[in-house]
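Look at the structure shown here and follow the text through it, one part after another.

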Amino acid sequence: MGKSKKEDLNQILIGHLNTIHDTLQLFDRTPPPTQDKVTWKDVLQLSDHLSKQATIVGMLWSGEPPKAAAVKEAMESYFNALQGFLLHCHGSTVGAGPTLSSNIHSSVKQIVDTSFRLLQGSVSLYDGSYEKDRKPSVPQLAGAVWEACAALKKAPSTNIMAIGRAMTQVAASVKDVLREMNELKPARDDDDDDDVSPDANNPDDDDDIIDDGDIGDGLSPEEMKVAKVTADVVSETLVTIKELIRTIMGMIKLEHPKDNSQFVDSLEKILKLCQGIGVEIDELGACVYPPQETNSMKGNAIL
């Protein structure tokens, strides 16, 4: 009997999963600008409701094993909440540019994935019997849904916020490159090398010579000059990106009233340029390590 009920629950689960997969196809299409835009506040309210539904599913396994009818009812309520959440999320992307849409899609995917694991875990655990050592798994899966819903509250809700955050990530990457370049050191004197030469009678000491931390410690005076010039270029680039971020942050404070497609497109183009520069800076930083790839640097107009 237990097996039959589990099979029924599996069939119901598969039907709900297919419906959600169909709904997710909406995110492959940009909603028309004439569609009513759903406020981010409404989206967050539905995410809170979804968290509560996850709690209900988790509570089913906090005591005695639930009846199949209870699992079915909780599952149907959960998927109804998830369906409504997805429709609201898609409605919130009206007027959203590529960066904001990507952020929303990423958050939605995390919530859907954790939701699927929660419901699949609940159904797979139901078999008409009860194993105490398996009980904690469902509350833990519910916790993953809570975390995904909590992360949604930290996601950017406007185009300007999303683009500003993406540019901040570029700045952080460029800053890391600059820090690594500033840690480059000239080659040690021969006298210093003599002091740390490996013991000829102990070949195992050779392993200590190969240390990733020493890769940037062997630059010649000429290579150090090149590294200094390159670091200056990276530093100026970082200053420029930071100024752009300050400008965008200023727009957020002013709550730019014309968050129209033309304005967003301009910001998206600036972001794309900055991301491209970030990639170039990354490659440039790699060229500074010995042996320096001067030809690549010349291609970037550094030398």
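Helix α10 covers residues 261-288, which is 28 residues. Helices here are DSSP runs of H or I with at least four residues, strands are runs of E with at least two, and both are numbered from the N terminus. From its first C-alpha to its last, α10 reaches 41 Å, close to the 40 Å expected at 1.5 Å a residue. The expected span is 1.5 Å times one less than the number of residues in the helix. The buried residues of α10 include Phe263, Leu267, Leu271, Ile281 and Leu284, and Glu268 is also among them. Buried means under 20% relative accessible area, exposed means over 50%, and partly exposed lies in between, using a 1.4 Å probe and protein chains only.

The model is a predicted one, in which local features need pLDDT of at least 70 and side-chain atom pairs count only at pLDDT 80 or more, while totals for chains, interfaces and linings use all residues. Residues are numbered from 1 along each chain as its sequence is written, and side-chain values use heavy atoms, with hydrogens and water left out.

Now take the chain as a whole. It holds eleven helices and zero strands. Of its 303 residues, 37% are buried. Contact means heavy atoms within 4.5 Å. Among contacts with a separation of 6 or more, 85% join residues 24 or more positions apart.

Where do the buried nonpolar residues gather? In soluble globular proteins, nonpolar side chains tend to be buried together. A nonpolar core is a set of buried Ala, Val, Leu, Ile, Met, Phe, Trp, Tyr and Cys residues joined through side-chain atoms within 4.5 Å. The largest such core in this model has 45 residues, and those with the most contacts inside it are Tyr78, Phe79, Leu82, Phe85 and Leu118. Five helices each supply at least two residues of this core: α1 (2-24), α2 (40-59), α3 (68-91), α4 (98-125) and α5 (137-152). The largest share, eleven residues, comes from α3. A second, separate core has 27 residues, including Ile160, Ile248, Leu271 and Leu284.

Leaving aside neighbours within four places in sequence, Leu118 is in contact with Ala54, Val57, Tyr78, Val138, Leu141, Ala142 and Val145.

Helix α5 has 16 residues and reaches 23 Å from its first C-alpha to its last, close to the 22 Å expected at 1.5 Å a residue. The buried residues of α5 are Val138, Ala142, Gly143, Val145, Ala148, Cys149 and Leu152. What covers them includes α2, α3 and α4. Take Ala148, which is found in α5. Ala148 is buried because its relative accessible area is 5%. Apart from neighbours within four places in sequence, Ala148 is in contact with Gln110, Ile111 and Thr114. Ile111 is 37 residues from Ala148 along the chain, yet their C-alpha atoms are separated by 5.3 Å.

How do α4 and α6 cross? The axes of α4 and helix α6 (residues 159-182) come within 8 Å and cross at roughly 85 degrees. That makes α4 roughly perpendicular to α6. Axes are lines fitted to C-alpha atoms, for helices over the stretch in contact, and angles run from 0 to 180 degrees between N-to-C directions. Angles under 35 degrees count as roughly parallel, over 145 as roughly antiparallel, 65 to 115 as roughly perpendicular and the rest as oblique. At this crossing, Thr99, Leu100 and Asn103 in α4 meet Asn159, Ala162, Ile163 and Ala166 in α6.

Two further residues are partly exposed. Ile12 is found in helix α1, and Ile12 counts as partly exposed because its relative accessibility is 22%. Not counting residues up to four places away in sequence, Ile12 touches Lys72 and Met75. Pro32 is found in the loop between α1 and α2. With a relative accessible area of 41%, Pro32 is partly exposed. Pro32 and Val94 are 62 residues apart in sequence and 6.8 Å apart in space, C-alpha to C-alpha.
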